[in-house]
Structure formats: structure tokens, C-alpha cells
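Here's a quick briefing to read alongside the model.

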Amino acid sequence: MRGGRGEEDFEAFVDARGPRLLRMAWLLTGDAHLAEDLLQTVLARVWPKWQKIADDHPEAYVRKALVHTHASWWRRRWRGEVPHGELPDRAAALDAYEGVELEQSLAAAVRALPVRQRAVVVLRYFEDLSVEETAATLGCATGTVKSQASKALRTLRAVLPEQVGAGDDRG
């Protein structure tokens with residue numbers, strides 16, 4: 001197919017219909033760069049089949065391929081790289097003993113919590129139980145688990161060094 005009539009036809013098709021197909025890809029993705037990636041992916045898949053589809057509504061074939069490829073990308077939930085204005089959290093410390101100090105600080109801070117708050121923190125954040133599972137284990141309401149977790153995290157954030165981080169607010 002290289003250098004033959006099929007290549008010229010394909011190039012003519014892309015030149016003529018490319019802007020419209022790119023606009024469709026942009027409408028599907030909502031992102032100009034992702035739309036270009038989508039269209040390029042589809043055109044790369046269509047090229048080997050061009051001889052078969054060229055005479056039978058190639059634009060409809062490419063539109064359908066755009067929709068199906070976009071849907072498969074969406075189902076995989078891969079959204080590509082997302083730029084951020086801030087750098088991510090710092091890398092782990094090179095000092096092996098620094099981690100031990102942080103662990104000890106965290107353990108001491110958790111032990112200093114009132115009994116009920118300590119139980120909630122241990123079950124929710126160390127044992128990774130849901131609010132409902134924690135409530136069932138403690139024999140209390142889910143609202144109690146949420147309020148105790150919130151109070152405990154507030155206390156931990158106040159007493160721990162900034163680099164420890166007191167967990168997320170899965171309350």
C-alpha cells in the first residue's frame with residue numbers, strides 16, 4: 001500500500017475531513033491535546049484497512065471508530081498526565097532513623113488521645129475499616145465515629161510535626 005493510490009486517497013481524506021474529525025474528537029474529549037491523540041490513534045488504526053473502507057463511507061467509519069475508541073479510553077478511566085501547579089509531597093527522607101522518630105511521635109500522639117478517639121483512629125486509619133464497620137465494632141452510631149475521628153484528627157494535626165501528616169479526613 002505504500003506509495004500507491006491508497007496512500008494518496010488516505011492523505012486526501014485526512015486533509016479534507018481532518019479538521020471536522022478533530023472537532024468531533026475535541027467535543028468527545030473536551031481537551032485539544034487529548035482530541036489530537038484520539039484522532040491520531042483512530043487514523044493509525046484505520047490506515048491498514050483503508051483499501052476496504054475507502055469506497056464505503058470512510059468518514060462514517062472513522063466517526064464510529066472515534067466514538068468507540070473514546071469510550072474504551074473512558075472505560076479504562078485513564079486520563080493521561082494531569083499537570084499540577086505544585087510539586088507532589090516530598091520524597092522519603094534519606095535518613096533511615098528519621099522515619100523511626102516520626103513513627104514514635106505518631107504512636108505517642110495516638111496514645112495521648114482519649115480512649116474513644118484512639119479506638120476510632122486505630123480502626124479507621126490503621127485497620128482501614130469503613131465508618132459503618134468501625135461503628136459496628138465499637139457499638140455506636142456512624143455519626144459518633146465521624147465526630148470522634150474529626151476531633152482526633154484535629155488533635156493529631158495540632159500536636160504532630162508537619163511532615164508526619166495526620167492522615168486524610170475519611171471521617
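Start with the salt bridge between arginine 17 and glutamate 59, whose closest N and O atoms are 2.8 Å apart. That pair ties together distant parts of the chain, with arginine 17 in helix 1 and glutamate 59 in helix 4, 42 residues apart. Keep in mind that this is a predicted model, with a mean pLDDT of 80 for the chain.

**The charged network**

- Side chains of opposite charge can pair when their charged atoms come close.
- The count comes to 3 salt bridges, and Arg17, Arg20, Glu59 and Arg63 are linked in a network of them.
- Arginine 20 also forms a salt bridge with glutamate 59, and here the closest N and O atoms are 3.7 Å apart.
- This second pair links distant parts of the chain too: arginine 20 belongs to helix 1 and glutamate 59 to helix 4, 39 residues apart.
- Glutamate 59 forms a salt bridge with arginine 63 as well, at 3.5 Å between the closest N and O atoms.
- Glutamate 59 and arginine 63 are about one helical turn from each other, because they are 4 residues apart in helix 4.

**How covered is the network?**

- Is glutamate 59 buried or exposed? Its relative accessible area is 15%, so glutamate 59 counts as buried, the cut-off for that being under 20%.
- Arginine 17 is partly exposed, at 27% relative accessibility.
- Arginine 63 is partly exposed too, with a relative accessible area of 34%.
- Arginine 20, at 49% relative accessibility, also counts as partly exposed; exposed would need over 50%.
- Leaving out neighbours within four places in sequence, glutamate 59 is in contact with Phe13, Arg17, Arg20 and Leu21.

**Aromatic pairs**

- There are 3 aromatic pairs by count.
- What kind of pair do phenylalanine 10 and tryptophan 50 make? Their ring centres are 5.1 Å apart and their planes are at 75°, so the pair is edge-to-face.
- Phenylalanine 10 is in helix 1 (residues 5-29) and tryptophan 50 in helix 3, so to speak a link between distant parts of the chain, 40 residues apart.
- Phenylalanine 10 and tryptophan 50 are both buried.
- Phenylalanine 13 pairs with tryptophan 50 as well: the ring centres are again 5.1 Å apart, but the planes are at 45°, so this pair is tilted.
- With phenylalanine 13 in helix 1 and tryptophan 50 in helix 3, 37 residues apart, this pair also links distant parts of the chain.
- Phenylalanine 13 is buried, like tryptophan 50.
- Ring pairs join Phe10, Phe13, Trp47 and Trp50 into a cluster.
- Phe13 turns up in both stories, being in that ring cluster and in contact with glutamate 59.

**Two local details**

- Histidine 57 lies in the loop between helix 3 (50-53) and helix 4 (58-76).
- Phi of histidine 57 is near 55°, a positive value in a residue other than glycine.
- Histidine 57 counts as exposed, at 60% relative accessibility.
- Elsewhere, arginine 124 has its charged end over the ring of tyrosine 125, 5.6 Å from the ring centre.

**The chain as a whole**

- How many helices and strands are there? The chain has 8 helices and 0 strands, so the pattern along the sequence, with helices as DSSP runs, reads α-α-α-α-α-α-α-α.
- Of the 171 residues, 27% are buried.
- Among contacts between residues at least 6 apart in sequence, 58% join residues at least 24 apart.
- The chain exposes about 12100 Å², and carbon and sulfur atoms supply 53% of that area.

- A pLDDT of 70 or more is reached by 78% of the residues.
- Which elements have the lowest and highest mean pLDDT? Helix 5 (residues 96-111) has the lowest at 77, while helix 8 (residues 142-159) has the highest at 93.
- Over residues 165-171 pLDDT stays under 50, and the model has 20 contacts beyond four places in sequence for that stretch.

Methods
Residues are numbered from 1 along each chain as its sequence is written. Side-chain values use heavy atoms; hydrogens and water are left out. Helices (H or I, at least four residues) and strands (E, at least two) are DSSP runs, numbered from the N terminus. Buried means under 20% relative accessible area, exposed over 50%, partly exposed in between (1.4 Å probe, protein chains only). Contact means heavy atoms within 4.5 Å. Accessible areas come from the Shrake-Rupley method with a 1.4 Å probe; for residues, only the protein chains shown count as cover. pLDDT is the predictor's confidence in each residue, from 0 to 100. Rings of Phe, Tyr and Trp (its six-membered ring) pair if their centres lie within 6.5 Å; planes under 30 degrees apart count as stacked, over 60 as edge-to-face and the rest as tilted. A charge sits over a ring if NZ of Lys or CZ of Arg is within 6 Å of the ring centre and within 35 degrees of the ring normal. A salt bridge is a side-chain nitrogen of Lys or Arg within 4 Å of a carboxyl oxygen of Asp or Glu.
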